[in-house]
Structure formats: structure tokens, C-alpha cells
There are 2 protein chains.
Amino acid sequence: MTEKPTEFPRHRPDGGAVKSLPDVLLHRRATRSFKPDPVPDEYLRAILALGTQAPSGYNLQPWRFIVVREAANRQRLMRAAFNQTKIGEAPVVIIALGMKNEWKALAEEVFREGAERRAGSRDWQKYMESAMGFLGTQAMNAWVTKHTMIAFTTMMYVAEAYGFDTAPMEGFDAAAVKREFAVPDEAEVIALLAIGYASGEDKPYGGRFELERVVFDERYGQPARA
Amino acid sequence: MTEKPTEFPRHRPDGGAVKSLPDVLLHRRATRSFKPDPVPDEYLRAILALGTQAPSGYNLQPWRFIVVREAANRQRLMRAAFNQTKIGEAPVVIIALGMKNEWKALAEEVFREGAERRAGSRDWQKYMESAMGFLGTQAMNAWVTKHTMIAFTTMMYVAEAYGFDTAPMEGFDAAAVKREFAVPDEAEVIALLAIGYASGEDKPYGGRFELERVVFDERYGQPARA
């Protein structure tokens, strides 16, 4: 495995300051239409490298990402995703996958290296055995979704912090995406992320449930005091 | 539904600047042990209010969060989570839930209000019907996990940006958590997030797979050029 990235842009492509997280959260909109302007390579690499700094269960990183930039491939992806035109427009679309089996073959590397780095238990074989027992109780479709979404969300926010616009998408035919992009059967196709620059007006804010409706105090159903 | 939050802290509790997202991503560690120092109410509210600005499919927000602060309840949660001591130590632990049915009863409100705000299709009934058709093809355990994890990840990063330490956890007995916190049967218990201030040294960095191993170009298996 490798170390943290040290080379990544400290400014937006236009020289502006990287947006703060509250700013990203309050101004991010799901982009409906993109300009053809490209995402510079150093920014795409930063989005991927910083995005994969996300945590995952036991550091198993069951996520994989396909970066689709070629126009013909974006057209193929668009057809597998109910013809959403933004996929054909955006200069970059990332396909996020969760691998339900591959992590098992990589677990020994992850646990052994975790012990060497003193990040995991020193008795890594016993720790791995206990982890494998726990993970055997988990529904793998939901488990890979859980961890892949941490990295996916991270990439979306890094892209927005650098001043790009994004569109997360869940509307696609997973079997078609797998067929078109040589994705193994064991994979869950979890989400798509288009990155670029918005064309036209932002989609208006759709509102959110009042906090009291979705946050409870101490037990389910007891509205938050805060 | 309601508008974006306008009142949230512009600084860390100690007066320091809110951390940038790259800074959060490079310095965040899964915290092993917490001090008893509390998370001030205005910060907890900001973590929740900004966290729920996360996007979700069709804006359905199938997430729910239980905020556990009382010591006796954190002890109960700790026992339902393999006795992880950090749950008993941290001043706040959030239980993230995904509701597999409740969103269906709320969909009309979401789609109608989306149309009123011009965020969704004006013909909201037809749009809702098509969404319901699509969602009917999705495995609900993975679907609620997908969307809840966007908000969960957002809360984790907002807390870190404000200078708190966090510990995301997936190790718990979901049935026991449901029993102890009056959680309905239809819920998926997805993850726990402890928030507070770290006690002792940070866990060392466990490393990440080289980008070339997890990012592919144009098709699965083709290592990234970048």
C-alpha cells in the first residue's frame, strides 16, 4: 500500500481559494447540464487521491472506480443510464463499484500491513479472523455500498471544493453498465459521479425535512431537543 | 420541508479557523479513545443541520439519526456494539438508520414540494410514478445504505472541520441496537459515529491501495493513466 498524497492543488483552477466545507454544502446543487470544458488532470488526480483517503471498515477499501472520459464511452454509459444527457456532456464521469469478493483475497495484505504500521492489532491473524467472522454476518451488497459511498461522497465534495460542479446519479441499468465496461459479476454498480462545469442555471434547492423529523434524541421517535 | 441553515459556527470552539477539506482528509484518524469534554450544542446542531444538506435520490432523505448523549444510554449502546469503550467515552454517539418503508409515505410531500420549488419535474405525479417504478427495482437494504452514508460521511467531515475527532463504527449487533433504542423493524442500522476530542495518540495511518489498483481508465481492469 502507499502513503498519503502530498502533491495536490492548493487553489482552484482559476486561482481562487478552495471552498470551505460549509460553503460546499450550502451551495452544491445536482448539476443538470455541463459545459464541455475539461477537468485538468492534476485536479482529477487530486479528487481520486484525496477521495480514496476516506476510511473503510478494517481499511479494506472494497471500492473501485472507473474514470470515463472518452466521448464514445460516455455515450455508451449514457445509454446504460436512461439516456441522461449530462453523462454525454460532462468531461468526466466516474463509475463507483463495490467488490463483494475481491477484498477477501486482499485482506491478508491489509491486516498484515496494518500491524506493521501499528494501525491495526499486532496479532493481525487473530484480528483478521475475528473481522472475517463479523463480516460473514453482513449482507455484502449493503456492506460494499456503505464503504464505497464514503469514498464517493468524499470525491464529490473534493471536486466541489475545487470549484467544479458535480452530479451524483443512481439511475442506471447496473447489468448494462457491467456489460459495457467489463465489470466483473461480483461487483455492485453503486453510483455515478459527473464532474465538470455547470451550463445554465443551478437547479433550485428542493428543501430538507426539518431536523426534528429526522433527528431523534436518545431513542427513535423522540424529537431532538437541539 | 425547510430552508438551508443560516446559523452555524464560523469558527472552531477554540476560535481557530474551520479546517479545509484536504486538511480534514489528510489528518483525520479513526479515534480510539475520547476525553469526556462535551461537544457544544451549537456545534452538534451544525453537524446535524449541515450533514442533512447532503443530496439523496429524488431528495427522499431516507436517513434518520439518533443522538445518544446520556451516559446510561451510551453504556447500553456500547453493550450492543461489542463493548467498544469509545462509545462509553465519547460525549456524543450518533446512530445512523436507513428507513426502508417510511420514504414511500413521504414521497408525495417530497415530489410535490420539489415541483413547487421548481427543483423537480413540474408534472410531479408522473415523475413520482416513474421514480417509484425505478426504486421498486432496487434492493432496499443497499438503497437506504447508499443515501444514509452520504449524510453520515458529511456529518463526519463537518465535525472534523470544526476540530472535533470522530470514530465511524460498523461493529454492532443491529438487532440489539434496534431493541435498545426503540428502532422500528423496517430500519437498517447502518453505522455509528462517535464525536468528541481524542484522548492519547492518534492511530497511525494504515496506508491505502495505490491509485492504480483501485482506479481504472475507461473500463474495468485498465489501470489509470493519471
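**How the terms apply to this predicted model**

Of the 226 residues in chain A, 47% are buried (a residue is buried if 20 or more other C-beta atoms, placed from the backbone, lie within 10 Å of its own, exposed if 12 or fewer, and partly exposed in between). This is a predicted model, in which local features need pLDDT of at least 70, side-chain atom pairs count only at pLDDT 80 or more, and totals for chains, interfaces and linings use all residues. Residues are numbered from 1 along each chain as its sequence is written, while chains are lettered from A and ligands numbered from 1 in the order in which they are written.

Reader: Why is B:Phe216 called buried?
Author: B:Phe216 has 22 C-beta neighbours inside 10 Å. The definition asks for 20 or more, so B:Phe216 counts as buried.

Reader: What does B:Phe216 touch, leaving out residues up to four places away in sequence?
Author: Its contacts include A:Arg64 and A:Ile66 of chain A, and B:Gly221 and B:Pro223 of chain B. Two residues are in contact if their C-beta atoms, placed from the backbone, lie within 7 Å.

Reader: How do you know what relation superposes chain B on chain A?
Author: A rotation of 180° with 0.0 Å of shift along its axis does it, with an RMSD of 0.0 Å. That is therefore the relation of a two-fold axis. The superposition is by least squares on the C-alpha atoms of residues with pLDDT of at least 70 in both copies.

Reader: Which residue of chain B comes closest to the rotation axis?
Author: B:Ala142 does, with its C-alpha at 2.1 Å.
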